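Subject: Structure for your review

Dear colleague,

Please find below the sequence and structure that I am handing over to you.

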Amino acid sequence: MSLRIQFLPRLLLLLVVVFCPVIMAQRPGYTDTPFLPGGKWRVHDSARPYPRIVQGTPLFTAPPKDATVLFDGKNLDSFASGNGKAKWVVRNGYVEVNGTGDIGTRQSFGSCQLHLEWATPAKVKGKSQGRGNSGVFLMGRYELQVLDSYKNPAYSDGQAASLYGQQPPLVNASMPPGEWQSYDIFFTAPKFSLGKLQAPARITVLHNGILVQNNVAFIGATKHRAVATYAEHGAAPFRLQDHGNPVRYRNIWIRPTDTKKTR
Ligand code: MG
């Protein structure tokens, strides 16, 4: 009896040492991708801690008087798909991703305040990055991830409100599948001079009213399984991603905050 008690701690330690890597390996993500600047975490690192969960309260804010309304629930006239019409399905005051590709604004923007509301499918299908995936690509390049992150394990830098492949949100403020959620985005465009980056793009985000990104610099234009990099560009349309999941959007409005470069 006493012998068992003596060896119990060692046995538990052995179990942890043997099974911990197995458990970690089963977490979604990668162990063979390049390290992000700073060298602590890899891109989509499966071991990167998950943000803690904090219940948010979505903000369904009406457009301010000076906002440019991009989608009011009626039509997609402010958006295009490639050089043609945006073909996502508009009904009941929202627009739904339907597999016809990303859609982008017809107008170009730089620094801005951007509000949008979104909902992932009520009927859960797929898992991890395959569950309610879409995204907001500021200036067509810098992705603020949209994902069903409600009780859905996914690598931290790919969860809802992450800067995809770069920065997890401070907390997970996700609502359950099918429920409307809000993003309030405060974006500063990057600055370039003679082809060189002078100041990175920066973003502050409220997810369902909660601060989840606080003036965070983008490492570069979003990439999958690779470290993001910059290439000089000017004002550009922002894009909503078609990742093959029927994610819905509504009440999209924008307030450019760098009018010289965006009008
Ligand atoms: Mg995405």
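A residue is called buried here if 20 or more other C-beta atoms lie within 10 Å of its own. Please bear in mind that this is a predicted model.

By that criterion, both faces of β10 are covered: Tyr 142, Leu 144 and Val 146 are buried on one side, and Glu 143 and Gln 145 are buried on the other. Of the 5 residues of β10, 5 are buried.

**Overall composition**

The chain contains 2 helices and 18 strands. Its length is 263 residues, of which 40% are buried. Among the contacts with a separation of 6 or more, 65% join residues 24 or more positions apart.

**The nonpolar core**

The largest nonpolar core comprises 50 residues, and Val 136, Leu 138, Leu 144, Ile 203 and Val 205 have the most contacts inside it. At least two residues of this core come from each of β2 (68–71), β8 (112–119), β9 (134–138), β10 (142–146), β12 (181–188), β15 (202–207) and β18 (248–256). The largest share, 5 residues, is supplied by β8. Beyond its neighbours within four places in sequence, Leu 138 is in contact with Leu 144, Phe 187 and Phe 238.

**The sheet that includes β9 and β10**

An open sheet of 6 strands runs in the order β4-β3-β7-β17-β9-β10, and its pairing is antiparallel. Its edge strands are β4 and β10, each of which pairs on one side only.

Phe 137 has Glu 143 in β10 as its bridge partner. The hairpin of these two strands has 3 residues between them, and Met 139 in this hairpin takes a positive phi near 50 degrees.

**The loop between β3 and β4**

Gly 82 lies in the loop between β3 (79–81) and β4 (84–85). Is Gly 82 buried or exposed? Gly 82 counts as exposed because it has 11 C-beta neighbours inside 10 Å, and the limit for an exposed residue is 12 or fewer. The C-alpha atoms of Gly 82 and Asp 102 are 8.1 Å apart in space, while the two residues are 20 apart in sequence.

With kind regards

Methods
Residues numbered from 1 in each chain as written. Predicted model: local features only at pLDDT ≥ 70, side-chain atom pairs only at ≥ 80, totals over all residues. Helix = DSSP H or I, 4+ residues; strand = E, 2+ residues; numbered from the N terminus. Contact = placed C-beta atoms within 7 Å. Core = buried A, V, L, I, M, F, W, Y, C linked by C-beta atoms within 7 Å. Pairing = 2+ DSSP bridges.
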